[in-house]
Structures are given as structure tokens and as C-alpha cells.
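This briefing takes one protein model and goes through a few of its local features by topic. Please look at the sequence and the structure below before reading on.

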Amino acid sequence: MSSLGDDLRAFVDVSPTPFHAVAEMTRRLAEAGFTELLETDRWALRPGGAHFVVRDGGSLIAFRVGSASLADAGLRIVGTHTDSPTFKVRPLHDIRRAGYRLVGVEPYGGLLAHTWLDRELTVAGRVTTADGTSRLVRLAGATLRIPSLAIHLDRSVRDGLVLDPQRHLVPVLGLESEPELLEQLGAPDAVGFDLVLADTQPAASTGSDWIAAPRLDNLGSCHSATHALIAAEPAAHTALFVANDHEEVGSGSAEGARGSFLADVLARLVAATGDTDPQAYHRAMARSRLLSADMAHAVHPNFADRHEPNHTPRLGGGPVVKHNANQAYATDATTAAWFVARASEAGVPVQHFVTRADLPCGSTIGPLTATRLGIATVDVGSPTLAMHSCRELASAEDVPLMVRAMTACLS
Ligand code: CO
């Protein structure tokens, strides 16, 4: 397996939640010389300065300031999301039933529920104490499980599995005598918490140099973008990476792509580099480009008819440019050409995706961000199978291809 593929597996394993993913990305950025800025501080930025900003733990913006003013050179931006479909632990989650201790959870995002059955699960996230401080937590081992019902007790399952999330998808913590979840997490002092279920099986190498792992959508893109920003050549323009939380639930939050995080940081970048011209911000946006990166659908051998026959991306074939006539993706002629030309310079092959005319299309942070900020945007992603499964499948060969394409776009 390529070393970047190994590194993606390691990245996924230490990132069970958006909070852990942001902690790992900031650790890598800090190692590469990026320093943290706080939104509460006054910023004064210099050309060449490399910094990152975190909002509410689960969203990150990192950038290297260009040698020219933002109004004169604009920005090259890569955008991703940090969250994945999962189950979120309820505030009052302690359930005792039939001699067992269970944990009350609520589905988060468009998950494929059956893929969470009979897997070794843990709980991870962040807890906040009464003094307002937060810390990351992760339950050691594989403590939770959502067992299937034996076929002998429901033969109708042969006609299709029906799972009611309220009744059938409640994870079992153990027998009733087991300690309560927060106690097991070493966080009986938690006053607030954002905790989710996570698969504990380490990301695996399978098949033709493939990666079987949880949360590849969209930690795969977060991982590539972190590498690309660190590797990008210093330039006249400013290179920036934004990773938003809450994409899987519609992006509507202070730190989501519908929120103000990116717009706030862009406005402060213009002001903090000393440009006081009231037109500077708008000139900077008009000169900027955004590469919105979210995993793409590779053609599935057992469901090939679900793909548009002329557009069948394959694993290992390189980044997929996503197109949609109805703007579910922001790609247009100029932004597609920009990405394809940069990829070509980097020796990276490109594939194209459109959905069938008779099937609805997914979407990404691309159109949302383009709509909010008016930045020319292209939607791309690495090919994936089983998107939104508890275990997704991608190719290790696509990891260096995406990193090289992103690096060319940011350089
Ligand atoms: Co996604």
C-alpha cells in the first residue's frame, strides 16, 4: 500500500468524531509550523504567515497568507466536512431493559442503519464541565454493540430488513450491573456532552490496494487537504483549507457551511493584512476559487445500472469531477477547466460524474459556499463504494492522486 494510504488509515483510526479529526489536523499543521489564532483575539497577519483557527471544536480553517494582497491575488481554497453519519448519545441516555444496560441514541445524518449491526462499537466525543472547559473522550475497547435479531425470531427478514431507530437500534452497554456510560468514560463531571458511536475495527487494507474504513466520507478529503495545504508552494495568492462540521445534517450551524465561519475568517484576513479599502474584500472574492472536496460514488459492480452509463468512475481512477445541471454541484465550465488543468499539470487523471436523469442527486458544501460567498467553485471527490456505510471502501491509489491535485490547486 502507498504510504499516503497507510497514513489515511492512521488518520481515520484516531478520528472517531469531528472533534478528534480537528485535533489531529491541528496537530499535523502545528508540526508543519502553523500557529493557532483565536477568534476572540485581534489578528495582525504578515505575508507567508501560516495559521489555523478552530470554531467550536469540530470545524477548522487553516491558511498560508500570500505574498500579494488578497484584493490583488485572491485565495485558492479547498473545502471539506469533518462529520459522518452516526448515532448521537441522548442527554438522558441511561436505559435499563430486560436485565441489560443500554444507551439511548438518536441517528445523525443519512446513515445505512443495517451496517451498524453486530459491529464492535465505542463512544467518543467531547464533554464540557461546569467551569466551561471541554475535553475529548473515547471509551477504551469495544464496549457497545447493536445485535441483530436471530432469523428464527423473525422469518420476515428475508423479505427485507426493517429497522425502527427508536426501538431496534439501541446499543447495548452490557448487563445492568455495568457502570453508567459517563462513569465508564471517566467523565461523571460532564455537564454537557457531544458523544457519538464509532466503529472500533481499525481501518484495513483489502482487495486491490483498497482501504476499508469508517468515515472515509469525508475524512478522506480532510486528510488529503491537510497534506495539500502543508505541501503547497508559497504563492502570491493566499492558500486556505476549510473543514466544516454538520454537513451531513444540512450545514446549518455557526460552524457549518451555512454559518458565518468562512465568511468571518475571509473578512478578517483582508482586514488583518492591513487592507482598509472597502472594496478589498469583494475584489478578493472575485479573484478566488474554491475546490469543494467530498467523496464521490464509484460505479458498483452489483448495481451498475444505478450509474449514468457514460459516467462510471472507478476506484483508483483518480479524482472525480461532479456535475449537476440543477446546481446540486457548483461545477461549471470555468471551474471544471481550472481543476482539470491543475490536475493535468500534476500528472493526475480525472474522472467525471453525473447522476442518472431519473435519480435524485446528492449535494455538498460546494453550492452552499458558492451561494454565500460568490466564489467560483468546483465539486470533486475521490471515488468510494458503500458511502454512508459504517465501513466504506476507497482505493489507496486515489489518495496521492487527490493530494497532488489539491496541492496543484493551492500552489
Ligand atoms: Co460527504
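Gly66 counts as buried because its relative accessibility is 2%; buried means under 20% relative accessible area, exposed over 50%, and partly exposed in between (1.4 Å probe, protein chains only). The model is predicted, so local features need pLDDT of at least 70 and side-chain atom pairs count only at pLDDT 80 or more, while totals for chains, interfaces and linings use all residues. Residues are numbered from 1 along each chain as its sequence is written, and side-chain values use heavy atoms, with hydrogens and water left out.

**Gly66**

- Gly66 sits in the loop between E3 and helix H3 (70–73); helices (H or I, at least four residues) and strands (E, at least two) are DSSP runs, numbered from the N terminus.
- Leaving aside neighbours within four places in sequence, Gly66 is in contact with Pro47, Gly48, Ala235, Ala236, His237 and Thr238, where contact means heavy atoms within 4.5 Å.
- From Gly66 to Gly186 there are 120 residues in sequence and 45 Å in space, C-alpha to C-alpha.

**Arg101**

- Arg101 belongs to strand E6 (residues 100–108).
- Is Arg101 buried or exposed? Arg101 counts as buried because its relative accessibility is 8%.
- The side chain of Arg101 reaches the backbone oxygen of Glu178 at 2.7 Å.

**Salt bridges**

- Side chains of opposite charge can pair when their charged atoms come close.
- The structure holds 20 salt bridges, a salt bridge being a side-chain nitrogen of Lys or Arg within 4 Å of a carboxyl oxygen of Asp or Glu.
- Asp6 and Arg9 form one of them, at 2.9 Å from N to O. Both residues lie in helix H1 (residues 3–13), three residues apart, which is about one turn of the helix. Asp6 is partly exposed, at 33% relative accessibility.
- Glu24 and Arg27 form a salt bridge in which the closest N and O atoms are 2.9 Å apart. Both lie in helix H2 (residues 18–31), three residues apart, about one turn of the helix. Glu24 is buried, with a relative accessible area of 10%, whereas Arg27 is partly exposed, with 42%.
- Glu120 and Arg145 also form a salt bridge, with the closest N and O atoms 2.4 Å apart. This pair links distant parts of the chain, 25 residues apart: Glu120 is in the loop between E6 and strand E7 (121–128), and Arg145 is in the loop between strand E8 (134–138) and strand E9 (172–175). Glu120 is partly exposed at 34% relative accessibility, and Arg145 is partly exposed at 33%.
- Salt bridges that share partners join Asp7, Glu24, Arg27, Arg28 and Glu31 into one network.

**Backbone angles**

- Most residues other than glycine have a negative phi, and most peptide bonds are trans.
- Asp56 is not a glycine, yet its phi is positive, near 50°. Asp56 lies in the loop between strand E2 (50–55) and strand E3 (59–64), and is partly exposed with a relative accessible area of 41%.
- His246 is not a glycine either, and has a positive phi of about 70°. The loop that holds His246 runs between strand E13 (238–244) and helix H6 (261–272).
- The peptide bond from Asp217 to Asn218 is cis, with omega near 15°. Asn218 is found in helix H5 (residues 216–231).

**Pockets**

- On a 1 Å grid over the protein atoms alone, a pocket is an open set of points where a 1.4 Å probe fits, with protein on both sides within 12 Å along at least five of seven lines; lining residues have an atom within 4 Å of a point.
- The largest pocket holds about 840 Å³ of space, a volume being the space filled by probe spheres set on the points.
- How many residues line the largest pocket? There are 33, of which His297, His307, Phe353, Gly362 and Met387 lie nearest its centre. Strand E15 (296–297) and strand E19 (383–385) are the elements that give two or more residues to this lining.
- The second largest pocket has a volume of about 590 Å³. Its lining has 22 residues, of which Pro147, Ser148, Leu149, Leu163 and His168 lie nearest its centre.

Terms used. A polar contact is a pair of N or O atoms within 3.5 Å; within protein, one must be able to donate a hydrogen and the other to accept it, and residues adjacent in sequence count only if both atoms are side-chain atoms.
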